[in-house]
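Me: I would like to go through some of the labels used for this structure and the values behind them. Please set each value against its definition.

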Amino acid sequence: MAIGEMSGMSVGAAMACAGAAAWLMGGWDSGARRARLLLAGGGVVGAGPPWEKALVGWRRLRGRLRGEAWSVVAGLVIALLGTSVVPLVLGVAGVPMLGRVRRAAEARRAVERRGDAVIGLCGALAGEVRAGRQPGEALLRAARESAGLGEAQAVVLAAARFGGDVPGALADAARQPGADGLVGLAACWRVAVDRGAGLAAGLDRLEGALRAERDQRADLRAQLAGSRSTAVMLAGLPVLGLLLGTALGADPLHVLLHTGPGLACLLVGGVLEGVGLWWAMRIVRGAEAA
């Protein structure tokens, strides 16, 4: 009897573990979807209970804040450890700055993707022209395959499909950051159409030049990665000092947050830290731009 009870308990525990593993593998989203379907009761799925609306609101807030929300979390943790509201205020104040840094990084990645799309368009268009297709048809096929040109891609496709001003559409598309290579494509198109020159040969030379320029930027960025990492590491040294002081029992958070000289040092040090990091990154960005 005892053996049967133990085997039943083992089976129950195994089933519970399997259920927990399935829930973890499915994730919170799948569990929320199942609960929504069960609680909908044949009604509209979107009109869920209040907790579902709160979950949707939290997802939207998380998607809007993204990485900069960690500034508030870090400020809250330090505020609880140091029993002061100053770190929380600084964490909230750091959200716009971190958001600006994130948007700048996203814009830089978008520029790089657009530049890669232009290079891919030149290569695809050269291949289509060599295959014997007319320039307009070749541009249609190449532009459809080369995504990433942004909103101007539809204008270029319309100009190629309906016999419009293709060089003008390419020149307009080149105004987007990172798409300046389309100016060369427009020039190749204009020369090939007006003077009967070989379009594929010009596109090959243009693609090679754009690839060389991209590789040069990547090499320069790799060389400057060490300087950028050194600046970030030096900016993190005060945090290391605080950790060492805490390990030695000096209680630096109390000195910084609850005494007049400590608050003055925190203010001056924070200003100098921000100015130094900004200046170092400005030098790195200036080198990249040059």
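Me: Why is Asp251 called partly exposed rather than buried or exposed?
Reply: Buried means under 20% relative accessible area, exposed over 50%, and partly exposed in between, with a 1.4 Å probe and protein chains only. Asp251 has 43% relative accessibility, so it counts as partly exposed. Asp251 lies in the loop between helix H10 (237-247) and helix H11 (252-258), and its phi is near 55°, a positive value in a residue other than glycine. Helices here are DSSP runs (H or I, at least four residues), numbered from the N terminus. This is a predicted model, in which local features need pLDDT of at least 70 and side-chain atom pairs count only at pLDDT 80 or more, while totals for chains, interfaces and linings use all residues. Residues are numbered from 1 along each chain as its sequence is written, and side-chain values use heavy atoms, with hydrogens and water left out.

Me: What makes Thr83 exposed?
Reply: The relative accessible area of Thr83 is 60%, so the label is exposed. Thr83 sits in the loop between helix H3 (69-82) and H4. Thr83 is not a glycine, yet has a positive phi of about 50°.

Me: Why does Gly181 count as buried?
Reply: Gly181 has 6% relative accessibility and therefore counts as buried. Gly181 belongs to helix H8 (residues 181-195). Leaving aside neighbours within four places in sequence, Gly181 is in contact (heavy atoms within 4.5 Å) with Val118, Leu206 and Leu210. Gly181 and Leu206 are 25 residues apart in sequence, and their C-alpha atoms are 8.1 Å apart in space.

Me: What makes the pair of Trp278 and Trp279 tilted?
Reply: Rings of Phe, Tyr and Trp (its six-membered ring) pair if their centres lie within 6.5 Å; planes under 30 degrees apart count as stacked, over 60 as edge-to-face and the rest as tilted. By this rule the count is 1 aromatic pair. Trp278 and Trp279 are 6.0 Å centre to centre with 50° between the planes, which is a tilted pair. Trp278 has a relative accessible area of 48% and so is partly exposed; Trp279, at 46%, also counts as partly exposed.

Me: Why are H4 and H9 called roughly antiparallel?
Reply: Axes are lines fitted to C-alpha atoms, for helices over the stretch in contact, and angles run from 0 to 180 degrees between N-to-C directions. Angles under 35 degrees count as roughly parallel, over 145 as roughly antiparallel, 65 to 115 as roughly perpendicular and the rest as oblique. H4 and helix H9 (residues 199-235) pack at about 155°, with axes 9 Å apart, and are therefore roughly antiparallel. Among the residues that meet are Val118, Ile119 and Cys122 in H4 and Leu203, Leu206 and Leu210 in H9. The residues of this contact divide into 11 nonpolar, 1 polar and 8 charged. Here Ala, Val, Leu, Ile, Met, Phe, Trp, Tyr, Cys and Pro count as nonpolar, Asp, Glu, Lys and Arg as charged, and the others, Gly among them, as polar.

Me: What makes H4 and H5 oblique to each other?
Reply: The axes of helix H4 (residues 86-130) and helix H5 (residues 135-145) come within 8 Å and cross at roughly 140°. H4 and H5 are therefore oblique to each other. The contact includes Leu121, Ala124 and Leu125 of H4, and Ala138, Leu139 and Ala142 of H5. Its residues divide into 9 nonpolar, no polar and 3 charged.

How values were computed:
Helix = DSSP H or I, 4+ residues; strand = E, 2+ residues; numbered from the N terminus.
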